[in-house]
Amino acid sequence: MRSVVVPATCTTPTHITVRTDITLLLQPDRMKSLDEAPGSKTFSEHNNWDQENQSAASHNTSLLLGDPWTPCRRSRATVKEWLLKLRCCLGTVCGMEWYCYAALGILTAILSFLMDLSVTKLLRAHQWLYIKLEGNSLLQFFCWTLYPACLCAVSSSFSHNICPFSTGSGIPELRTMLAGIEMPQYLSLTNMFTKYLGLICTLSAGSTVYLGKVGPFVHLSTMVGAYLSNLCNLIQVNEKEKAAGEMLVVAAAVGVASCFGAPITGVLFSVELMCSHFAVRHYCPCFFSAACGALTFRLFSVWSGDRETPQALFKTNFPNALPFYPLEILPFAFLGLLCGAVCCCYLFCHRWILRFTKTNPIFIKMLTTEKGLYSGTVAFFLACLTFPYSVGQYMVSQYTMKQLLTSLLDNRQWSSQSHNASVQLGSEPLLEWSSPGSPFYFSLVVFLLMKMWMLVLACTLPLPAGYVMPVFIYGAALGRLLGEGVAGLTSGQQWASINPVNPGGYALAGAAAFCGAVTHTLSPALMAIELTGQFSHAVPILLATLLANAVSRSGDRQSFYDAISISKRLPHLPSLMKVYPRLPSTPVGQVLGALSVQLKKAAGPVEMQHAVNTSTDTQIPVVDSHESQIILGVVLRSELLMFLRHCKTETLEKHLDEVCCIYPTSVLLSPHNTVQEAYSFLSLIGAQTLLVADRGRLVGVITWPQMKRILEDLTKEI
């Protein structure tokens, strides 16, 4: 008989202890003692990998061959045996989770490429139909307006009827989930299918609706990561189970990397925007998976014929000898301040429209019951404004989102080319931005004024949509306008004739600064560099982004995603703190509910059964007695289930401290601790349960569902 080693923190069992291994859950008769704390590997988990896989293969073969009702018994047994051998071979190279990280990057890149391919086909179909109707202005008007209106109506109706959780960006919900709040409806397979098709319809509406791809695709990537995480946990039957949130953190980085082929930006985006507490162990998986996704995306671009080599997504021709003059740092700094000021105006309008749609009865009714009609109406209205024979001729409405950004990043000075007719004829971006009878300055100003409120209105559409790329392009237009002004002021200088000022550099810095100010992040600065490959402008881009963030964050203002989280009343404490200052300082004792389940150390099988039936928590608190309420620790629910299952076959009248280990708690809160401290402990250490004790007496328990309820109750006054 094997001797049992019991840790000092456990009460010594006299008859049986329970182990939390998945093998014992499947085979209750094989019960062994616990040699370590919960979550650590036991003695049986250190057996040789090859021996376990060979025994499992032979066991599966014998089971299949012994069942006469199983079709193709021998073939299925052979396939399963070879799969186990393949898992053994792959496991000797590296952990199985790394194959899941690589699969996540590759699958997400394939989905991104297929989405771009579908959107390109639909946009070309719209453009072809519009050109074929040339000569008939009325038919062209209906083609221009009804096409995006129908696509937006289909996207909204499809999302609303199949899965209402698929609308919007998805990033505010992801931030809430990565903080520890469980929201499984946002990671369902139905949501992924609905959001993917709905996003294709939204992007196919083109620059008329002026919406992007990044946010929803990050959400799609996390859905893929959630299913791969479940698959990885099934494969790793002999390994310590990974935290479910780790794959979601990696997936957030892969989503951005697969959109633009920018792996470093994806990791920085995941660090800044998605995670309240980014663990160091996430860096290597994030970079590895993001690199796989970015490489796959760029290779698909080469194989499809769009590019000759895996290069930057937006090709630029900035001069490398003298990219900018030292004194140009001042205009770049002014550009950052300007982007921050314009961003404050944009975020104010965005918060106002969110409040208006929540209080106006007409908007409430349409956004509740007539989402498809509302989306189609708004898209039709925006398309009427962008019609090329109306205001659209001053907004370059015939350009797609990608063409808009490419034209704004042109390194040539439009102000100098407009005076040379021969050069003007060869300058395609200048021809598009210079409408008949008006200079390009007028088109840039009209574009900035119109797109400001049009984007705010488009943000109310109940369909899958992203908002990073639209504000990125808007910032590029703002930087282009300032860059052309600087180029015009220095056109008479002798030094400027040798190395003229590059307005495209200002457009790139403006894009990063405005996007960073809207989202309160610095990752757009790196995204601008990776998208274009222009590392020569890294310093002015970073300077402009920092200054824009400083202006946008002043006064504890909300970011774009914070405003959405507050509008949806999501239990995300960092966002709620900006609108509800007393929320983080609220003592835990004021919001604790009644203690539902607890066990005393002398509890018998009847009390254990009652606790298991009335509680779904993985850990149940144990006290010395119900009278004293002195906290001793926690007992695992899995151990109670194993003991109760054993009691069904054999009558055992044992107490809790005799049959199960009582584990001490790593963190014990006081009723005087604040909600912010409890929230930080839950998210930082990844705990599911925190005990609250007053001078050693148990007064309550805080779990993630309870924390969600606490935050929702405290924000009802917002």
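Student: What makes the span of helix α7 close to the one expected?

Tutor: Set the value against the definition. The expected span is 1.5 Å times one less than the number of residues. Helix α7, residues 189–204, has 16 residues, and 22 Å is expected. In this predicted model, the distance from its first C-alpha to its last is 23 Å. Helices here are DSSP runs of H or I with at least four residues, and strands are E runs of at least two, numbered from the N terminus. Residue numbers start from 1 along each chain as its sequence is written, local features need pLDDT of at least 70, side-chain atom pairs count only at pLDDT 80 or more, and totals for chains, interfaces and linings use all residues. Side-chain values use heavy atoms, with hydrogens and water left out.

Student: Why is α7 called mostly covered?

Tutor: Buried means under 20% relative accessible area, exposed over 50%, and partly exposed in between, with a 1.4 Å probe and protein chains only. In α7, 12 of the 16 residues are buried. Among them are N191, M192, K195 and Y196.

Student: What follows α7?

Tutor: G206 does, with a positive phi near 75°.

Student: Which part of the UniProt record covers residues 193–211?

Tutor: The unreviewed entry places the feature "transmembrane region" there, and also at spans including 248–271. UniProt positions follow the numbering used here, feature names are shortened, and annotations may be inferred rather than shown by experiment. In the model, residues 193–211 are 63% helix and 0% strand, with end C-alpha atoms 20 Å apart. Residues 248–271 are 92% helix and 0% strand, and their end C-alpha atoms lie 12 Å apart.

Student: Why is D657 called buried?

Tutor: Because its relative accessible area is 18%. The cut-off is under 20%. So D657 counts as buried. D657 lies in helix α29, residues 656–659.

Student: How do you know that the buried residues of α31 are on the same side?

Tutor: Helix α31, residues 704–714, has W704, M707, I710, L711 and L714 as its buried residues. They cover an arc of only 115° around the axis, so they sit on the same side of α31. The arc is that of the directions from the helix axis to the C-beta atoms.

Student: What do they pack against?

Tutor: The buried residues of α31 pack against α26 (573–576), α30 (675–684) and β6 (697–703). Contact means heavy atoms within 4.5 Å.
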